[in-house]
Amino acid sequence: MIELNGAAGEGGGQILRSALTLSVLTGQAFRIRDIRANRSKPGLMRQHLVAVQAAAEVCGAQAEGAHVGSLQLSFSPGAIRGGDYRFAIGTAGSCTLVLQTLVPALLFADRPSTVRVAGGTHNPMAPPAQFLQRAYARALADMGAAVGFELHRFGFYPAGGGAITAMVQPCGVLRPFEWMARGARVAAYAESFVAGISANVARRELDSVGAAMGWEGSQLRERGLPGEQGPGNALLITLEHEHVTEVFTAIGEKSIPSDAVARAVVKDVRRYLASEGAVGEHLADQLMLPMALAGGGRYTTASISLHARTNAQVIERFLPVRFEFGEQGGVHTCLVEAASAYKPPAQRSAVPVK
């Protein structure tokens with residue numbers, strides 16, 4: 001039983017999500033205490049509980065302490081089973097974070113899988129669906145994985161009601177890959193999604209982005225959604241380069257002016273462009289676990305967050321890998337080293353979910 005401290009380092013939900021993925025993959029049970037201790041509302045929230053329940057279902061695990069508000073959890077996995085799965089968060093909790101818990105594990109399942117998750121798709125504290133589609137899936141493809149994401153319906157806070165499906169093909173083994181430079185820019189554009197609110201919100205956001213970035217025409221895209229999917233607003237900027245795609249997001253709220261929403265996402269884009277790093281902060285976090293499973297890999301980024309360093313510590317508890325972080329000339333690097341790529345253990349006997 002691997003013992004984890006949920007208050008260590010960054011102290012957020014990533015510790016739990018990475019532990020769930022790695023437990024399913026390696027067959028190692030774990031126990032975690034002080035779950036999300038550094039958050040304003042500690043313990044399991046609905047999206048974290050659904051991640052636990054989903055991980056348990058795909059491997060027939062035994063989970064104790066799986067309830068909203070729980071500060072402790074023990075998880076004993078069985079064998080990974082591919083198939084068709086559906087999970088509902090029941091709130092605007094993030095669908096994307098639940099999917100990022102399951103997808104790496106299902107790459108090593110016995111057959112293809114589809115996973116549909118209902119809940120929030122565009123949340124202030126989680127990557128949007130388009131991040132999975134454009135940035136995360138592309139990076140996984142570089143490593144030999146075939147994963148697709150379909151956004152069926154937008155789900156904004158606080159109503160939720162959105163839905164995303166992941167389609168995962170087993171790959172057997174991931175290959176090491178390096179993202180050391182972005183390469184030439186292929187495309188750059190902004191999209192403002194609005195549902196149940198005035199289209200003027202989208203126009204003002206896009207006008208502000210255009211003025212700040214010097215963009216016009218097809219680079220500024222207004223995306224009106226059916227009213228029943230709102231009220232809600234999300235402003236996205238996508239930068240597609242030769243070797244990597246990044247998606248930056250700001251979520252509109254009732255009390256925040258449109259130009260302030262635009263300034264927030266432009267600030268993130270400018271910080272990324274000013275760096276020589278290939279990947280942004282959030283993609284840097286999400287690449288660490290696949291790189292560990294591949295037995296190696298490397299990337300450059302603007303900075304290594306506490307979130308990433310905490311994630312590395314969790315991964316090293318489950319896999320015989322070593323993370324090495326460096327910095328030169330303002331560019332940070334993350335290197336993963338291991339003797340070999342991860343290969344699935346012999347199929348383990350599943351145990352019933354408790």
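Predicted model: local features only at pLDDT ≥ 70, side-chain atom pairs only at ≥ 80, totals over all residues.

Residues are numbered from 1 along each chain as its sequence is written, and side-chain values use heavy atoms, with hydrogens and water left out.

Start with the open sheet of 4 strands that runs in the order β1-β2-β4-β3, with mixed pairing. Helices (H or I, at least four residues) and strands (E, at least two) are DSSP runs, numbered from the N terminus, and two strands pair if DSSP finds at least two bridges between them. At the edges sit β1 (2–5) and β3 (62–64), each pairing on one side only. Neighbouring strands here are turned by 15° against each other on average, direction ignored. (Axes are lines fitted to C-alpha atoms, for helices over the stretch in contact, and angles run from 0 to 180 degrees between N-to-C directions.) β3 pairs with β4 (residues 73–76) in the antiparallel sense over 3 bridges, and Gln62 stands opposite Ser76 in β4.

Now for the helices on that sheet. Helix α1 (residues 13–26) packs on it and touches β1, β2 (30–33) and β4, its direction making about 175° with that of β2; contact means heavy atoms within 4.5 Å. Helix α8 (residues 306–318) lies across β1 and β2, running at about 170° to β1.

Another open sheet of 4 strands has the order β5-β6-β8-β7, and its pairing is mixed. β5 (84–88) and β7 (146–153) each have a single partner strand, so one side of each is left without a neighbour in the sheet. The twist averages 15° from one strand to the next. β5 and β6 (residues 113–119) pair in the parallel sense over 5 bridges, with Thr114 in β6 as the bridge partner of Asp84. Helix α3 (residues 95–106) packs on this sheet, touching β5, β6, β7 and β8 (162–169). Helix α4 (residues 129–142) lies across β7 and β8, at about 175° to β7.

How do α1 and α3 pack? Their angle is about 25°, with the axes 8 Å apart. α1 and α3 are therefore roughly parallel to each other (angles under 35 degrees count as roughly parallel, over 145 as roughly antiparallel, 65 to 115 as roughly perpendicular and the rest as oblique). In α1, Arg17, Leu20, Thr21, Val24 and Leu25 meet Leu97, Gln100, Thr101, Pro104 and Ala105 in α3.
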